[in-house]
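Hi,

Here is the structure I promised to send over. Have a look at it first, and then read on for what turned up when I went through it.

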Amino acid sequence: MTSAIDGEPVPPDLFASRRQRLLAGRGGLVASAVSGVVVIGGLAAVFWLAPGGATMRYFFFNPHFMWQAFIGDPSKGFYSVGLGLLTNLWIFALAEALVLVVGLLLASARLSQSPVLFPFRLLATAYTDVFRGIPILLVIFIVGFGLPELNLGYVSSQSPAVYGCASLVISYSAYVAEVYRAGVLSIPHGQLLASRSLGLTHATTMRRVILPQAVRTVIPPLLNDLISLQKDTALVSVLGAIETTRAAQIYGSTVFNFSGYTVAAILFLILTVPMTRFTDHLIARDRARRLAGA
Amino acid sequence: MSEVVLALHEVQKRFKDHAVLNGVSLTLRRHEVVCLIGASGSGKSTLLRCANLLERIDGGDVELFGQSLLDPRVDPDRVRRHIGLVFQSFNLFPHLSVIDNILLGPVHALKRPRAEVRAEALELLERIGLAARAEDYPDRLSGGQQQRVAIVRSLAMRPSLLLLDEVTSALDPTLVGEVLDLLTDLARQGTTMLVATHEMGFARDVAHRVAFLEGGRVIEEGPARDVLDHPREGATRAFLERVR
């Protein structure tokens, strides 16, 4: 074929392919509806028609057992999965508040510049390295079974839920500190130069110029970590704290039906889905703002 | 001759093993405007950053009003409160309104009362015709407006001298004029300025002296028209040929 390069201009074919034209406009709507029904319907059919489908539905999705697990009945030896969620909630609320504060302190220590703060800088770096490297489950075991052994009065006489909460704070602070730090490092260097050129100290520059800008960029990843923290309150069950997962487990081993787990899963979804939606909304808004600014 | 405000003596600066400044000497007197000219990479920006201690120098000395800034008792933050620096890329604070950008230094570095500084800042904005934009955020302003705000932000500190680092280089050609006009006004009012620039017309009309930098050295220095119209050194002549 000849083209402008060898001096022979050729009228180009500008039409979209038949398939592209079919999928544009209303055709696209029909296509997504059909593919939606096929894919989702197919998956549902697998669960419904599998050889053990009926058994599986009886053990995991039986409405009677789900309701029984949800309200609980201590006289029959099992606790309410619904009330168990309250434990998850207070563990999460307390851990969240502490994680945000401890994480900020760790990040500030790592980002400090004063020679006097050198040991804190070193400790904070070691801390984030160590606790991002140890599985949370192990931290929970070490704290939950280790601290009581210390015989240290107040420290050694807490409930499993408190030890679990403390473990979550220990682990998540390390992650959140890194999120804060990444946010601070994402601010252009010119901002620091401009602020220092006005004679503002390093501390004032952080407080008035860098952090206010960093907070905005950091909110979506921070919310991501908090969603994760919300779910990981379930890990506290390994210490024997009766939260929603543990209640579902007890229900399962008492009544020999696992519908309690499904209830627990639904309860977690009710907690986390609004937060994931909110996070996505913030990310989309920030993106729109960035695109508008550029 | 009026008082020497800033004096650089044989200033040396290296980044790793790359020598950027190889013994630069320069003085700036009160009410004087000195333009630094030279190709990109000749050390103009580094020189300005050494003058306000954003960069630590490796040799030589920097004096402000006869006081060596290398003296260990000198607090760099206090030094910078007397030396304004304006950047090529403005570096306004995007999370603060125009007025708050200007107030930040005087209020938080100089600890002056907010209301008093605010009145002054509004007056400065009035002078550059942007008083109506005081509550706007920087991203609502054009490049030329942003750069003029950045200059006013430095002025609000009432500095003894202004350092300007190619302040028109990032601007759309149609916006260069408004920034140069402001600098010309400041020069007329006697503001002491050290200006790194590629605007030869501005240097010729406004600067008292011009220093030509190449390879981290001052190759030629003298009254603006002498250097720009009758350069003595071959290197200066070659540079001026290229920018013309």
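Let me start in chain B, where B:Lys111 sits in the loop between α3 and α4 (114-127). Please keep in mind that this is a predicted model. B:Lys111 is not a glycine, yet its phi is positive, at about 55 degrees. For context, most residues other than glycine have a negative phi. Is B:Lys111 buried or exposed? With a relative accessible area of 62%, B:Lys111 is exposed.

There is another residue of this kind in chain B. B:Phe90, found in the loop between β6 and α3, has a positive phi near 60 degrees, and again this is a residue other than glycine. B:Phe90, however, is buried, and its relative accessible area is 12%.

Now to the place where the two chains meet. Here 20 residues of chain B are in contact with 16 residues of chain A. Which three residues supply more of the area that chain B buries against chain A than any other three? They are B:Phe93, B:His95 and B:His108, which supply 30% of that area. The area buried between the two chains comes to about 1,600 Å², and carbon and sulfur atoms give 63% of this.

On the polar side, 7 residue pairs are in polar contact between chain B and chain A, counting pairs with both residues at pLDDT 80 or more. The elements of chain B that give two or more residues to the side touching chain A are α2 (76-80), β6 (83-86) and α3 (98-108). The largest share comes from α3(B), with 3 residues. By type, the residues on that side of chain B divide into 10 nonpolar, 5 polar and 5 charged.

The rule finds 1 salt bridge across the interface. A:Arg196 forms a salt bridge with B:Asp77, and their closest N and O atoms are 3.1 Å apart.

A:Asp232 is buried but has no salt bridge. How far away is the nearest side chain of opposite charge? That side chain belongs to A:Lys231, and the distance is 5.9 Å. What A:Asp232 does have is a polar contact of 2.7 Å between its side chain and that of A:Tyr172.

Happy browsing, and best wishes

Definitions and conventions:
Residues are numbered from 1 along each chain as its sequence is written. Chains are lettered from A and ligands numbered from 1 in the order in which they are written. This is a predicted model: local features need pLDDT of at least 70, side-chain atom pairs count only at pLDDT 80 or more; totals for chains, interfaces and linings use all residues. Side-chain values use heavy atoms; hydrogens and water are left out. Buried means under 20% relative accessible area, exposed over 50%, partly exposed in between (1.4 Å probe, protein chains only). Lys and Arg count as positive and Asp and Glu as negative; His and the chain ends are not counted. A salt bridge is a side-chain nitrogen of Lys or Arg within 4 Å of a carboxyl oxygen of Asp or Glu. A polar contact is a pair of N or O atoms within 3.5 Å; within protein, one must be able to donate a hydrogen and the other to accept it, and residues adjacent in sequence count only if both atoms are side-chain atoms. Contact means heavy atoms within 4.5 Å. Buried area is the accessible area (1.4 Å probe) that two parts lose on being put together, summed over both. Helices (H or I, at least four residues) and strands (E, at least two) are DSSP runs, numbered from the N terminus. Ala, Val, Leu, Ile, Met, Phe, Trp, Tyr, Cys and Pro count as nonpolar, Asp, Glu, Lys and Arg as charged, and the others, Gly among them, as polar.
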